[in-house]
Amino acid sequence: MNHAVKVAPSILSADFARLGEEVRAVDHAGADYIHLDVMDGHFVPNLTFGPPVIEAIRGWSGKPFDVHLMVDPAQPLLAAFADAGADIITVHAEADVHLDRSLQRIRDLGKRAGVSLNPGTSETAIEHVLHRLDLILVMTVNPGFGGQSFILRQLEKIRRIRRMIGDGAIELEVDGGINAETAPQVIEAGADVLVAGTAVFRMPDYAAAIRALRGTG
Ligand code: DX5
Ligand code: ZN
């Protein structure tokens, strides 16, 4: 694949005391999306933030806000995240027994609809909702925390999903353990968008870190 890969820094690894400034800094450093990890302490064993924090940082960047909901159930909260300033709203296939309805709802709210798959979930979970999707997010760690190790076995799933979707309008995003070493492997397997927390926010130079992920630095 010979397209420009996008980079979506995850603010999970940012300095939360200076969140607005951190969002502005990665925007200026070349981020394509701002990735926002919403965790509920139930679907995943960690808690982060919700719509008021997203609304508070919305003004710090004009880049698309890529909201990754690790929340069960997500459906009752979709409108609140849309109102807070999300551009892409991604729900987990495992957290939603009415996935088709939630994806329709996200598009009805005027937002781009995404679905995420945990490492243990097959791509077959989404084959009947492909027409409702703008983005597929493959987890390359078990969600809940930054700084975990990339699960190599997910490369095969990324390749299969790339074959399922072809080169059409659905973006293929990967999340977890992405760094300058693993990025070329997921790009080769067909990823369009790289989420990275540690590999951007724990580096001294955000612009250099983003270039290194793209393979242009
Ligand atoms: C994990 C989150 C990720 C996380 C990635 O549950 O969905 O977005 O921030 O962090 P790194 O890049 O450090 O693996
Ligand atoms: Zn994420």
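The model is predicted, so local features need pLDDT of at least 70 and side-chain atom pairs count only at pLDDT 80 or more, while totals for chains, interfaces and linings use all residues. Residues are numbered from 1 along each chain as its sequence is written, chains are lettered from A and ligands numbered from 1 in the order in which they are written, and side-chain values use heavy atoms, with hydrogens and water left out.

**The whole protein.** Show the cartoon and find eight helices and eight strands, which are DSSP runs numbered from the N terminus (helices H or I, at least four residues; strands E, at least two). The radius of gyration, taken over C-alpha atoms, is 16 Å, close to the 17 Å that the globule rule (2.2 Å times the number of residues to the power 0.38) gives for 217 residues, so the protein is as compact as a globular protein of that length.

**Ligand 1.** Select ligand 1 next, and then the 20 residues around it, of which Asp37, Gly144, Asp175, Gly197 and Thr198 come nearest; a residue is counted here if one of its heavy atoms lies within 4 Å. By class, this shell has eight nonpolar, ten polar and two charged residues, where Ala, Val, Leu, Ile, Met, Phe, Trp, Tyr, Cys and Pro count as nonpolar, Asp, Glu, Lys and Arg as charged, and the others, Gly among them, as polar. Colour β2 (34-39), β3 (65-70) and β8 (193-196), the elements that give two or more residues to the shell; β2 gives the most, with three residues.

**Polar contacts.** Look for pairs of N or O atoms within 3.5 Å. An oxygen atom of ligand 1 is 2.4 Å from an N or O atom in the side chain of threonine 198, and one is 2.8 Å from a polar backbone atom of glycine 147.

**A cis peptide bond.** Finally, select aspartate 72 and proline 73, which are joined by a cis peptide bond with omega about 0 degrees. Proline 73 lies in the loop between β3 and α3 (78-84). Most peptide bonds are trans.

Terms used. A polar contact is a pair of N or O atoms within 3.5 Å; within protein, one must be able to donate a hydrogen and the other to accept it, and residues adjacent in sequence count only if both atoms are side-chain atoms.
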